[in-house]
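Please open the structure in your viewer and keep the selection tool at hand.

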Amino acid sequence: MSSKLAKYDRLYEQIKSYILTTEDIWARLATMEAVLHHKMQSFFWTGVYVLQDDELIVRSYQGPVACQKLRHHTGVCWAAIRSGDTVIVPDVEQFPGHIACNSKSKSEMVVPIRDRNGEVFACLDIDSEQLNAFDKEDEAGIRKILSLLYD
Ligand code: SME
């Protein structure tokens, strides 16, 4: 196993122990954001946007102040929400329609979050100040951690 996957596994165990005190998914997501943001050095912004009346509204985050509402149907978060798939952007300047909440963000990964019925209702957005910061291992690690939501 790579050192990055091993690190995600350690964070998974840590987060699992923290979140067991409540089934509230917003509390669980906030805890995931806090642990991930402070333990993964390349994470510059870590937060959740939630679908509300066909808008994407920020729910909770760690990092600098970011957009409260994302312009309709453009950018990386909307791409992940609409496709239902993780979107990894190695260079945000190359992503048509990318929404720049902070000019320091250089690369980004957005993972859709599903409810118990499998419907996408939100996304976890992670930005980095480094180009090309995210790969399939990050996706696997984050998806495994998100699977704890309904544990
Ligand atoms: N870059 C995102 C917007 C959210 S910020 O990165 C915090 C997007 O294009 O959807």
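Helices are DSSP runs of H or I with at least four residues, strands are runs of E with at least two, and both are numbered from the N terminus. With that convention, select helix 3: it gives the most to the shell around the ligand, with three residues. Please bear in mind that this is a predicted model.

**The ligand and its shell**

Next, select the ligand together with the 13 residues around it; Val76, Cys77, Ile99, Glu108 and Asp127 come nearest. By class, eight residues of this shell are nonpolar, two are polar and three are charged. Now colour strand 1 (45-52), helix 3 (75-83) and strand 6 (120-128), each of which supplies at least two residues of the shell.

Which distances separate the ligand from the side chains of His98, Asp125 and Asp127? In His98, an N or O atom of the side chain is 3.3 Å from a nitrogen atom of the ligand. In Asp125, a side-chain N or O atom is 3.2 Å from an oxygen atom of the ligand. In Asp127, a polar side-chain atom lies 2.7 Å from a ligand oxygen atom. Taken alone, the ligand exposes 300 Å², and the protein buries 99% of that area.

Six strands form an open sheet in the order 3-2-1-6-5-4, with antiparallel pairing. At the edges are strand 3 (69-70) and strand 4 (87-89), each of which pairs on one side only.

Begin at strand 4, which is joined to strand 5 (residues 107-114) by three bridges, the two running antiparallel. Select Val89 here; its bridge partner in strand 5 is Glu108. Glu108 is also among the residues that come nearest to the ligand.

Move to strand 1 and strand 2 (residues 55-62), an antiparallel pair with seven bridges. Tyr49 has Val58 of strand 2 as its bridge partner. Two residues lie between the strands of this hairpin, in which Asp53 takes a positive phi near 50°.

Finish at strand 2 and strand 3, which run antiparallel and are joined by two bridges. Select Ile57 and its bridge partner in strand 3, Lys69. The hairpin of these strands has six residues between them, and in this hairpin Gly63 takes a positive phi near 125°.

How values were computed
Residues numbered from 1 in each chain as written. Predicted model: local features only at pLDDT ≥ 70, side-chain atom pairs only at ≥ 80, totals over all residues. Heavy atoms only, no water. Near = heavy atom within 4 Å. Polar contact = N/O pair within 3.5 Å; in protein donor to acceptor, adjacent residues only side chain to side chain. Areas by Shrake-Rupley, 256 points an atom, 1.4 Å probe, with all protein chains shown as cover. Nonpolar A, V, L, I, M, F, W, Y, C, P; charged D, E, K, R; others polar. Pairing = 2+ DSSP bridges.
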